[in-house]
Amino acid sequence: MPPSRALRFQGPGRLELDTVDVPEPAAGDALVRMRCCGICGTDLHIYEDGWRVSPGQVLGHEFAGEIVSAPDGGGLREGQRVIVNPMLACGECSACRADRQNMCFARRGTIGITEAGAFADYVLVRQARLGRELLEIPDGVSDAAAALTEPLAVGLHAVAVSELEDGDCVVVLGAGMIGLCVTRWLAVEGAQRIVAVDPLKLRRDAALLHGATAALDPVERSYEQQLRDLLRGARRSGRADVVIDCAGAQGILEQAVSIARPGGRLTLAAVQSGQGCLSAMRMLDKELTARGAMAYTAPDFARSLDHVVEHADGVETLISDRFELADVVAGFHRQLDRENSVKVMISNETR
């Protein structure tokens, strides 16, 4: 087997596609050949400022691949196409037993953050279990569509913790990939109105395509009035029942508090950039409920793959650009061009 290529973070603004040894799977492990891996907003945070990783880390966690070797079998076989849940939960703690693997007390690691990631020819998935860390991709579903399971699971979990009620009107702040996935799930769950807010036209248009009932530019002078008009109703007085932050931008939480109606809910689904804070007094005045949405659970992940299977063509329209692994650094530069990209997908050409 030839050496593997792997994209390493070497410091803020520095990525290198290196040659590394192919990992050797031990009993219970699976060696997976990456076929498609999406560039995530988390990858951009790492690239720009080293968020939560050390130099030398191999990036990439939104991926589909095929099994090359699985010494113990366990229902895994060579050539089997799989989607990989990158959060390696222990499976035994009380959080795992309650199907809240995102809150695992003893997580074994996260692929692309603490474990070698998937912008590489081969990825080692430690202690891989079919139905947990690995889900089989049904025939007829492309690798690229399957690789969108992970961001869709993030969006699903954000909607789940928002605890939608009948007739809810929801404002989604940010129409990047996670905002678009949130929008898709809000439409599936029957939100009455879904207002996406983003300064970029490409992303507002994408939000409308994926289920938003309206999309607004927060830079426009008439933005606040437009929003009040869209949300006006007997119980709302021009404010949202639920506000979901998918942007994490400076000052966004203050905006979220302002948009929410008294007694409304806030869901924080973005990595915050800069100083982000919630005004305790304004929260008190409005009696707001705020929830964090951390990644996803195993059931969220499985349901998201089901959504991909059922809506593969529509889901794949989330992909704006495709690059080969050899050009992965160029792919990162494209993903950073937020005015012209939504989701950049990296494919692994056959060598």
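The radius of gyration used here is taken over C-alpha atoms, and the globule rule is 2.2 Å times the number of residues to the power 0.38. This is a predicted model. For its 351 residues, that rule puts a compact globule near 20 Å; the protein has 20 Å, so the two agree.

**Overall build**
- The protein has 12 helices and 17 strands.
- Its C-alpha trace spans about 65 × 40 × 40 Å along the principal axes.
- Of the contacts with a separation of 6 or more, 68% join residues 24 or more positions apart.

**Burial and surface**
- Buried residues make up 54% of the 351 in the protein.

**Charge**
- There are 37 positive side chains and 48 negative ones.
- The centres of the two sets lie 5 Å apart.

- Helix 1 covers residues 41-49.
- Its buried residues are Thr 42, Asp 43, Leu 44, Ile 46 and Tyr 47.
- Three strands are part of what covers these buried residues: strand 1 (4-11), strand 2 (14-20) and strand 3 (30-38).
- Helix 12 (328-336) also contributes to the cover over the buried residues of helix 1.

Technical notes:
Residues numbered from 1 in each chain as written. Predicted model: local features only at pLDDT ≥ 70, side-chain atom pairs only at ≥ 80, totals over all residues. Heavy atoms only, no water. Helix = DSSP H or I, 4+ residues; strand = E, 2+ residues; numbered from the N terminus. Buried < 20%, exposed > 50% of the residue type's maximum accessible area, 1.4 Å probe, protein only. Contact = heavy atoms within 4.5 Å. Lys, Arg positive; Asp, Glu negative; His and termini not counted. Charge placed at Lys NZ, Arg CZ, Asp CG, Glu CD.
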